[in-house]
Amino acid sequence: MAVCARLCGVGQSRRCRRRQRQNQRDQDTDPELEMDEEEEERIVGKMQTEAGPRCLSDSAAAAAPGPGVAGVCCTPMTATSVNNRLGTGPAGCKGPATANSLLDLPPELLVEIFASLPGTTLPNLALVCKKFRQILNTETIWRRRCIEEFGMHEDLRKVEVVGMASRELYVKRVNPRVKSGRFMKLLPDYEHMDYRDIYTHLLHPYRHILGLWQPDIGPYGGLLNVVVDGLFIIGWMYLPPHDPRVDDPMRRRPLFRIHMWENSKATVECMYGHKGPHQGDIQTVKKDEFSTKCNQTDHHRMSGGRQEEFRTWLEEEWGRTLEDIFHEHMQELILMKFIYTSQYDNCLTYRRIYLPPHQPTDLLQPGLFKGTYGSHGLEIVMFSFHSTRAKGTKLTGDPNVPAGQMTLDIDLSRPVQLPDLEQQRSIEELSRLVLGIHEQVQREQAEGEARGGDGGQEADTDANPPQECRQRQEAEAEGAAGGEMGLENALQDEPTGAASEARPIESEPLAFVLPLGVMARTEVYPRTCKMCFYGTGLIAGHGFTSPERTPGMFVLFDEDRFGFIWLELKSFSLYSRITDTLPYAQAPSMESFEEMLKNMQSWTS
C-alpha cells in the first residue's frame with residue numbers, strides 16, 4: 001500500500017509514516033512536538049464539529065450554500081492550521097492567523113518570558129517539548145536567574161577570584177608523573193562552564209544555607225554569614241575588632257567555601273587552618289540547621305605544636321601576645337576559650353538567625369552591635385525593639401553569660417532625667433535616680449502579683465504605663481529632652497518611609513560624663529547623649545550560675561552608638577553598630593523573629 005501511495009503521488013501511507021516516526025523516536029529520546037496522527041485527527045474532528053454550525057450559519061449570509069461552504073470548515077486540517085484558521089469568535093473560520101499557543105511566539109520573546117520565571121520551574125518547563133528545551137539552553141535565561149535570585153554578578157568569561165589570596169590560586173604539583181610544570185592551578189577552568197551549570201549544581205542545591213547562622217560553640221557562640229561571593233559560596237565568620245577598639249570595623253575569616261569543578265560537581269572545602277583549602281563536607285541536619293565537617297584535620301595542626309597554635313590564635317583573636325596581658329584573670333579566660341574552641345575545629349553545627357525587623361516607631365534602627373564586656377573583650381549583641389521595650393541578645397558570649405541570653409532589657413516607658421554635669425560625676429546621685437525607678441518597678445510588680453495578674457515586669461510595661469508613672473513622666477518632660485513627651489514628639493516627627501531607614505532623633509543633645517569610680521574599657525566615648533532610660537542587665541557567676549538582673553541606665557548617644565552603666569558592677573559598656581552588609585538575613589515576620597529569640601535562649605539555658 002505504501003508503494004501504491006507513492007506511485008500515485010499522494011505520499012507515504014499513514015501506517016508507513018507512523019512506523020517512520022516510531023523509528024525516529026527510538027533513535028532520539030527527546031520529547032517531540034508532533035502528536036500521533038490519529039490523535040491529531042480526533043482533535044481536529046472535534047474542533048470541526050464544534051465550529052461547523054457557526055461556520056455554516058455565518059457563511060450562509062455571505063455566499064450561496066454549496067459544496068464550497070462545507071469545505072471551509074470540514075476539509076481535514078492539521079493542528080497548526082486549525083489554530084491559524086479557527087478563532088475564538090464567530091468569524092474565526094475566516095479570520096487572520098493569530099498566535100493561540102506559546103509555540104507560535106518568536107524565540108526571543110520566549111526567552112524573556114522564561115527568564116522571568118523562578119529557576120526551580122524551568123526543568124519542568126523543559127519537559128514540555130523539544131522547542132522549549134532548546135530555548136532553555138539559552139545562557140541569558142540562567143544568567144538572569146543567577147543574578148536575580150542569588151545576586152551573582154560575575155561574568156564567567158572574565159572571572160575575578162574573590163575570597164582567597166593570590167597564593168591560594170596555585171599549589172605545588174604532588175604527582176611526579178606530570179611534567180607540564182612545577183605548579184598547577186587550584187581552580188577549574190570556568191571558560192567551559194555556563195550559568196546553567198552554576199545554577200543547577202551550585203547555587204540551587206546550597207540555597208538553604210545562605211544567610212545568618214550562629215555556630216554551636218558552647219557559651220561562646222559566634223556569627224556566620226553564608227553568601228554568594230563571585231563564583232563561590234563562602235561561609236564568613238565575623239569577629240569583633242580587637243579589644244577595646246569598639247569603633248573599628250569587623251574582622252572576618254572564611255570557614256568554608258563551595259565551588260564548581262570541571263565535572264560539573266560542587267566541591268566543599270574547609271578553609272580553617274594555615275595550610276590552605278582542603279577537603280570538607282556539609283550536611284543538612286534539619287530545617288534551619290546544618291553542620292560542616294573537615295575531612296583533613298591535619299591541615300589545622302602547626303609544626304610547632306599547641307604552643308605555636310596558641311600564640312597564632314592569640315595574635316589573631318586579641319591582637320597581642322600573652323606577655324602583653326598582665327591581668328591574671330584575663331589570661332585564664334583567654335586560655336580557657338582557646339582550649340574550648342579548639343575542640344570544634346573539625347565539626348560545627350549552625351542554627352539560623354535573623355536580623356531584627358524595623359518598625360517606624362523604633363527609637364533607632366535595630367541591628368547588630370559590638371560592645372565591651374570587661375575582661376571578656378568585645379562581644380556581638382543583637383538589639384531589637386518590642387513594643388515599649390528594647391532587648392539586647394548576645395550572639396557571642398562568655399563563660400559567665402553565654403551566647404543566646406538577653407544581656408540588656410530596656411524599659412522605654414521609664415526615662416531617666418540626667419542631672420547637671422557636676423552631679424553626673426557622683427555615682428551616688430546616679431544610683432539614687434536609677435534605684436528609685438527600680439524600687440517603683442518592684443512595687444508595681446508586687447501589686448500585680450497581689451491582684452492575681454501575671455506580675456511580670458514586661459507585662460506591666462508592655463501595656464499602658466501606670467498612672468503614677470505617667471504623671472512622673474509628664475512632670476519630667478518639661479525639663480528633660482529624654483522625657484516621655486520628647487520621645488513621643490520624636491516618634492511623631494519620624495517619616496513613614498522605607499522600613500530600612502533609621503528614624504532620626506530630634507531631641508537636643510545633653511552633656512554626659514561617666515561617674516567617678518565607674519570602670520570603662522576605653523576613655524573614648526561620646527560626651528553628649530540624646531536620651532536615657534531605666535533598664536536591667538544580666539549578670540551571673542562562672543558557668544552561668546546564679547543569674548540575676550541588676551539595674552542600670554541605658555544611654556543613647558546617636559543612631560549608631562549607645563551605652564549601659566552597670567550600677568552593681570560599677571562598669572560601663574559601649575556599643576557601636578556593625579555596618580557590614582549581611583544579605584539573606586531578613587526575618588520573614590516579627591513572629592518568626594520572636595520565636596528565634598526564644599529558641600536562642602533555650603540553646604544555652
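Reply: Let us begin with strand pairing: two strands pair if DSSP finds at least two bridges between them. Strands (E, at least two residues) and helices (H or I, at least four) are DSSP runs, numbered from the N terminus. The model is a predicted one, in which local features need pLDDT of at least 70, side-chain atom pairs count only at pLDDT 80 or more, and totals for chains, interfaces and linings use all residues. Residues are numbered from 1 along each chain as its sequence is written, and side-chain values use heavy atoms, with hydrogens and water left out.

Me: How do you know that strand E11 is paired with E12?

Reply: Strand E11 (residues 367–372) is joined to E12 by 6 bridges, and the two run antiparallel. Pairing requires at least two bridges, so the term applies. Threonine 372 stands opposite leucine 378 in E12. In the hairpin of E11 and E12, 5 residues lie between the strands, and glycine 374 takes a positive phi near 60 degrees.

Me: Which strand pairs with E12 over 6 bridges in the antiparallel sense?

Reply: That strand is E13. Histidine 386 has arginine 389 in E13 as its bridge partner. The hairpin of E12 and E13 has 2 residues between the strands, and serine 387 in the turn has a positive phi of about 55 degrees.

Me: What makes strand E12 "mostly covered"?

Reply: In E12 (residues 378–386), 9 of 9 residues are buried. Buried means under 20% relative accessible area, exposed over 50%, and partly exposed in between (1.4 Å probe, protein chains only). In a regular strand the side chains alternate between the two faces of the sheet. Both faces of E12 are covered: one side includes Leu378 and Met382, the other includes Glu379 and Phe385, and these residues are buried.

Me: Why is asparagine 400 called buried?

Reply: Asparagine 400 has a relative accessible area of 19%. Buried requires a value under 20%, so asparagine 400 is buried. This residue lies in the loop between strand E13 (389–394) and strand E14 (406–415). Among the residues that asparagine 400 touches are His376, His542 and Phe544, not counting residues up to four places away in sequence; contact means heavy atoms within 4.5 Å.

Me: Why is leucine 109 called partly exposed?

Reply: Leucine 109 has a relative accessible area of 38%. Leucine 109 lies in helix H6 (residues 107–115).
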